[in-house]
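Dear colleague,

Please find below the structure for your review. My notes on it follow directly after.

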Amino acid sequence: MSNQEVQTIIATDCGSTTTKAILIEKVGNEYRQLVRGEAPTTVEAPFEDVTKGVLNAIMELEELATEYYKTDAAKNSKFYNKPRKFVENEQVLRKDPAKETGDGCDIYISTSSAGGGLQMMVFGVVKGMTAESAQRAALGAGAIVMDTLAINDGRLPHEKIERIRALRPDMILIAGETDQAKPKHVIGMAELVKSARPTARLGLGYALPVIYAGNQRAQEEIKNILEKDTALSIVPNLRPTLEKENLRPASDKIHDLFMEHVMQQAPGYDKLMKWTDAPIMPTPGAVGLIINKIAVMQNKNVVGVDIGGATTDVFSTFKLEDRDGKVHQKFNRTVSANLGMSYSVSNVLLEAGLDNIMRWVPFEMNEQELRNRIGNKMIRPTTIPQSKEDLDIEQAISREALRLSFIQHRAFAVGLKGIQQEKGISEAFASGSTSDSIVNMMKLDLLVGSGGVLSHAPLRSQSAHMLVDSFLPEGITELAVDSIFMMPQLGVLSEVKRPGCDQAAMEVFDKDCLIHLAISICPVGIAKDGKNVVRVKADLPDGTKLNEWITANQLLRYDLSHDDEVEFEIEPAAGFDIGEGKGKKIVKKLKGGVVGLIIDTRGRPFNLAKDTKNRVELLQKWDISKNYKPKSHRDGV
Amino acid sequence: MAHAYTPGLKVAARTVIEKTRKLPLLGQVLVKKGDKIPAQTIVAKTELPGKVYPINVAGQLGLGKANELIDCMLKKEGDVVKNGEIVAQSKGFFGFFKSDYKAPIDGTITQVSHITGQVIFNAPAIPVEIDAYVDGEVKEEIPSEGVVMKTEGVHIQGIIGLGGETCGVIKMVADAPDKIVDIGMITEELKGKVIVCGSKITTDALAKAGKIGVAGVITGGFDYQDIKDILGTDLGVAITGHEDIGYTLILTEGFGTIPMADRTFKLLKKYEGFKASINGATQIRAGVMRPEIIVVHDHQTEDTTHKNYAQSGLEKGDQIRIIRAPYFGKLGKVISLPVELHKVESGTWVRVMMAEIDGKEVLVPRANVEVIEK
């Protein structure tokens, strides 16, 4: 591999519907994402070759790059007015170092979720302990976990076997028991797997990859049971002790097997794998990587969400203090496999209930009509809302999909179970699955949204509004979106070991990918109509002077860009908390974003019922897009 | 420029149809390449593993350690056992107070574990056969997996369906594509038939059709809410085909009251009395699969070829159908395809087309039309 610094990078993401390509080039001293092309994914008939869609997307990139280098913005570039060429002889063209033509790229990389992504089943011994750790390893590697089986999951052994047979996963991960335990239960789980004679989803007649990451003392017996009938890999125990999780070896093995087995079975991937300069990564795995890197680099608590057509992924990295007082950052990913905006949109209706969706629709509507519209979106998933009414309905559904996915995430993102912990009296009384979550909304610094409904909302103010309504941030939180959904490509780029790649990923993430939407101020407390909630004092750059008490049940927006840093004095009313405790004032310098500053005095917890008096009137009052004037039709993207 | 193209549903009067008929597991292919066979012919068979019964026999016998089980087993791995037959016996106390464990099923012992004390009994394998599904010729044998059948005739794709593969003679119940079929139009003589409705079939009419024993129902629209009445549960994700509802339901246009496309209705009417092979299986995500209607015939028709839109993209003059509000269900034709992005009412900037609908020129996002394939 060359040690020369890369100048031109092409990255694709092969999604289930669309293949997206981006071009990143070094412009002066910095890397920038210049153009983006897309084309339908071609994994299915009649093409059955993923590389066709990749080449189509890159050819669009070629045309758009050629146009870009004709503009004044590129006047100082060596490629000014030169045609760009990235495809030749049905291949991604590489740069010839001897020529200065502008043809070809230095590296080409890709992520993929086409064909349903990586689908896994995981096994553990105890549901809340080793099975949960196994689930975390699979999710962290970018898989969709079809089911998690454990000794105590309430199902009888034959029911488990039926389940293994019915699901046909791409891969199985077995964990269980710490290394100190006498091997027994984990062997029982392996025996169940053997009895089921599982077959892989793709490719009849090839052995199903099984990863064993359980009790090391059981490895020999596991080999005896599974080696003959499956493609068995053995890695170190992912829960060697109750106090320790060691997910990396299992996650790395999942990535390797994804490339070696699963991708080999998907149409055209054998060819694509030869083209790329780094292993193809499952899309959500790559998104998780970049979110985690940003959290670590900026030392922030971050939540990221990617809402797609079929699934919604939620990622979080939060600072945690261990027993010795050391602070480390804990990453978690969850995937809500059937919460999405097209293929799974009817399932959002099913899980959230019609009333919960209707409560966000800012006009009265016939329920049967709404059900039919949702059903028709499911069966024609690539359509887009043409009318404002249709857009409002889609954004109402998205609020529920995001809300439900986040509830699942918070319930999953907890500390390791099975460890003795000292709890205070208030913690002991706090019940409910999210009460133990490490995702503490008051401590959240940055909330990043991604996926069509958030990244491509006609107005950025609508994206910010959806994020506030569904995640209900508390205290002071930055809101952002992925401008054109390029986090997957940047994630895989950040892992490439070539000079310039990591820098390119970080610079492009900061300058082109992340759109800072707003800073939100959301006091926590019970909001009562007419009562004061917070006093915000600040001199905004547009001349607006804030110094009034703001009463309950308001959602307000003011202009404040990310380039302006303004000192704020925020004083919550008695009974309200903004981060320092009830009634305690904060003085802090804050930056805004393209949407500005959002003040939400609707209180926390906030729950809008469908039968809320004047619901439509309230939703229209809270519409922060009414007075929002974008600087350009893409808010500067 | 890459094509902004939404694949349409196929409505072909005569086309070459190939159907891959594969077993779920490796097995035996029963026909040969070149064989001309009717739809009901079994083309391949295999055996699915029987139900598994994992039993902790060590525990049942009250053994102190799981590894004592091996010495107590009267049968070993691979042995065939009868329901009630003693398969393991504890050593007892000085030869007395022995406990027995009897086989819970007729089957085979596949595993005896000295670590967990578990014995796994396998019930006999379940035979599985697949038929040809369409009248036609075996084009290709896929060794140990199945065959590819080839035939010619009508090929219509629906938008969503319920229920799996079935066959029946086509019977028109509606006399026009916009007709709603109600309970009074469902009669006993429709038993075993594939019935064709117009813009909708009412829930009570569908229930009666199911009771009479129709083989299939083809309709333009159907209310989404009524799916719950058929399945007993809402349809969350569009992966269908395994519903056990006694018949196969195919919607050609979508949810709501939507007239069946004229061309689809006319084609089905033309072949009334012919045998149709239909399948409601739908999978919209990852490997798009739409429900289908196949009518095998050798008539000469006006359109034996169809344009490959996937290769050429949309063109001026192409017939289209709008698949999203505010023009949902309307038919029209492409007037122009501007290259630049346009802002639509929702505020979204998208690639659009100018289309003629009901004699008026309107702007529609390209993503919201589907080409009517011939």
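Helices (H or I, at least four residues) and strands (E, at least two) are DSSP runs, numbered from the N terminus. This is a predicted model, in which local features need pLDDT of at least 70 and side-chain atom pairs count only at pLDDT 80 or more, while totals for chains, interfaces and linings use all residues. Residues are numbered from 1 along each chain as its sequence is written, and chains are lettered from A and ligands numbered from 1 in the order in which they are written.

In chain A, helix α8 covers residues 283-298. After α8(A) comes N299(A), with a positive phi near 55°.

Chain B has six helices and 30 strands. Its radius of gyration, taken over C-alpha atoms, is 28 Å. That is well over the 21 Å from the globule rule (2.2 Å times the number of residues to the power 0.38) for 374 residues, so chain B is more spread out than a compact globule. The C-alpha trace of chain B spans about 100 × 50 × 45 Å along its principal axes, and 45% of its residues count as buried.

Yours sincerely

Note on methods. The expected span of a helix is 1.5 Å times one less than its number of residues. A residue is buried if 20 or more other C-beta atoms lie within 10 Å of its own, exposed if 12 or fewer, and partly exposed in between; C-beta atoms are placed from the backbone.
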